[in-house]
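User: Please examine the structure below with me and answer some questions on its charged side chains.

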Amino acid sequence: NDTLPSWLTPRPACYADTEDGGYVEDPGHVEILSMLADLNATDNTFFVIYPEDEDIDWSISVHTRPGAFGGYEIEHRDPATGEQATTVEADHATIATHVLDWLSHR
């Protein structure tokens, strides 16, 4: 999987919920870029991607960052592996690739 681009790498069945009530089934690169473009500082500040299988408990979320620096926080959480981390990024394409890479390792 490490040799394929993130948009071609197999990933688990998942879905995304947005703060403003949006739902995206099996988000890919284009859908993640669209969700990022729709984020704002008032009523749609984040989206979260969850596994479709309710017995699995991981998630990855992208939040807007308030303040002068802006950008986004990406939070990963996977209790099965003990992974919990937060990173900061501004570039939409980099964020989409990061999210898809992380999903491909689930």
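User: What is the N to O distance at which the side chains of Asp-78 and Arg-106 meet in a salt bridge?

Analyst: This is a predicted model, in which local features need pLDDT of at least 70, side-chain atom pairs count only at pLDDT 80 or more, and totals for chains, interfaces and linings use all residues. Residues are numbered from 1 along each chain as its sequence is written, and side-chain values use heavy atoms, with hydrogens and water left out. A salt bridge is a side-chain nitrogen of Lys or Arg within 4 Å of a carboxyl oxygen of Asp or Glu. For Asp-78 and Arg-106, the N to O distance is 2.6 Å.

User: How many residues apart in sequence are the parts that this pair ties together?

Analyst: Strands are DSSP runs of E with at least two residues, and helices are runs of H or I with at least four, numbered from the N terminus. Asp-78 lies in strand S5 and Arg-106 in the segment after helix H2 (92–104), so the parts tied together are separated in sequence by 28 residues.

User: Which residues do salt bridges with shared partners join into one network?

Analyst: The network includes the pair Asp-78 and Arg-106.

User: Is Asp-78 buried or exposed?

Analyst: Buried means under 20% relative accessible area, exposed over 50%, and partly exposed in between (1.4 Å probe, protein chains only). Arg-106 has 26% and is therefore partly exposed. Asp-78 has a relative accessible area of 7%, so Asp-78 is buried.
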